[in-house]
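Welcome! Here is a short tour of a protein model, written for someone new to reading structures. Have a look at the picture first, and then we can walk through some details together.

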Amino acid sequence: TVTERVKVADASVQWKRGRAYLGQAREVRPVRGFVFDANGRPVDQQPGNAAQWVTSNNQSLDDDVMCLVEIPERYETITKRVLVSAASVREVEVPAEYTTVTRQVIDTQASVREVDVPATYQTVSSQVIDVDALRKSGYVFNDSGDIVSTPTGERVLRAADVLGNRSAANRNTGGVGAGTEAYVREVKVPAQYATVKRQVIDQPAGVREIEVPAATKMVSRRVVKTPASTAELVIPATYKTVERQELVSPASSREIAIPAAYKTVTRQVVDTPPSAREIPVPAVLRTVARRVVDVPASIRNETVPAVYKTVSRQVVDVPASTRMIDVPAQYETLSQQVRVSDATAEWRSILCETNATEAKIMEIQRALASAGFDPGPIDGVIRAKTMRAVNAYQSSKGLPVDSYLNLSTVKALGVKPS
């Protein structure tokens, strides 16, 4: 922001009324007969009367005079914004962002198995057209057996004809047939209207480039810590106690000599001659308990499943990229004075010399001090500090800013002009 002083009006001369301007007047004329022409130059209403055009010698003048005073050039302070540094684009390195992603990995390969799916049945009910009932109700049929109108005279068409997909078999057969053909009736539907609001383009769509930073997320996934393998386990033989009879001595036969049996008779004779016979002797068994092999020892292959653990690592979800960031232009406010209006000549009532007494000036100085504007010493003398206070008061109240005391300023201060 820059503040500078700009000339808004050049120095000029202006006719002002009142004896208060006698000290700074270049030329003094009586008010009587004083007018301006179309070009703004003073014109005497009595041409040739040179005695009325006098210099500011303050002699032989009426109390109400016109003074040609010099108006200094005017400046205004203007604040404006100037470009300090031009807008530019800088490249900002956007680091890659990571995120944790959890995903599933194959533990067991997918496979296909055939499963017998039994057939399912459902009960379907269908409606057929009762032709006889329709005829009794007053429906009109044509020679082909098709319904052509309702009892109220409304036209009836086949649904297939309306949809345009009537099969060749139905067309060839004609008529209602088994009563499975669907019909529609023609109903006059009045047009319906709806208020539709639509959007029209106020500003055409445009495309602007927005740099989207890379977004990353943490991905958790299961990785193989130990690959699946096959280990051979020696399965020891299992035993069970089986009780069975074991042959201790095999069955055999032995010869036993049976002595002859005698009886005492008067005389002894051979009753039964001696002979030999075999007597089976049963085997004698005993129970012996021992361990025998029920299932012989063997080796079997057992699949040891792979052991997994969850490993969290960062993977790139969106790769790192470079985006362009528009750096807006920076401005400074510069204050400068520019001309807002050209110099003009206007009639203003001022505090005349007769009323500008010492007591009146002191009253004006007190009013300025009460309003917060320092007029300097309150002594009834108009000095430069007093006029600076007057001009500051005029600016704050929106009054005409002059180098003299106009009546509008005096009245605004609450001071009576006379």
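## A pair of strands

In which sense do strand β17 and strand β20 pair, and over how many bridges? Strands β17 (residues 239-246) and β20 are antiparallel partners, joined over 8 bridges. Two strands are said to pair if DSSP finds at least two bridges between them. The names come from DSSP runs, numbered from the N terminus: helices are H or I runs of at least four residues, and strands are E runs of at least two.

Strand β20 covers residues 286-293 and is hardly covered, with 0 buried residues among its 8. Here, buried means under 20% relative accessible area, exposed means over 50%, and partly exposed lies in between (1.4 Å probe, protein chains only).

## How to read this model

The model is predicted, so local features need pLDDT of at least 70 and side-chain atom pairs count only at pLDDT 80 or more, while totals for chains, interfaces and linings use all residues. Residues are numbered from 1 along each chain as its sequence is written, and side-chain values use heavy atoms, leaving out hydrogens and water.

## Salt bridges

How many salt bridges are there? The count comes to 7, where a salt bridge is a side-chain nitrogen of Lys or Arg within 4 Å of a carboxyl oxygen of Asp or Glu. One of them joins Glu4 and Lys80, at 3.4 Å from N to O. Glu4 belongs to strand β1 (residues 2-9) and Lys80 to strand β8 (residues 74-85), so this contact ties together parts that are 76 residues apart in sequence. Both ends are partly exposed: Glu4 has a relative accessible area of 29%, and Lys80 has 30%.

Arg26 and Glu70 form another salt bridge, with their closest N and O atoms 3.6 Å apart. Because Arg26 sits in strand β3 (residues 25-30) and Glu70 in strand β7 (residues 65-71), the pair ties together parts 44 residues apart in sequence. Glu70 is partly exposed, at 43% relative accessibility. Elsewhere, salt bridges link Lys7, Asp10 and Glu73 in a network.

Now turn to helix α4, where Glu363 and Lys360 lie 3 residues apart, about one turn of the helix. Their salt bridge has its closest N and O atoms 3.6 Å apart. Glu363 is partly exposed at 32%, whereas Lys360 is buried at 10%.

## Aromatic rings

The structure holds 1 aromatic pair. Its members are Phe373 and Tyr393, arranged edge-to-face with 5.6 Å centre to centre and 85° between the planes. Phe373 is in the loop between α4 (358-370) and α5 (384-397), and Tyr393 is in helix α5, so the pair ties together parts 20 residues apart in sequence. Tyr393 is buried, with a relative accessible area of 4%. For the rule behind this, rings of Phe, Tyr and Trp (its six-membered ring) pair if their centres lie within 6.5 Å; planes under 30 degrees apart are stacked, over 60 edge-to-face, and the rest tilted.

Another ring to find is that of Phe141: the charged end of Arg135 sits over this ring, 4.1 Å from its centre. Such a contact needs NZ of Lys or CZ of Arg within 6 Å of the ring centre and within 35 degrees of the ring normal.
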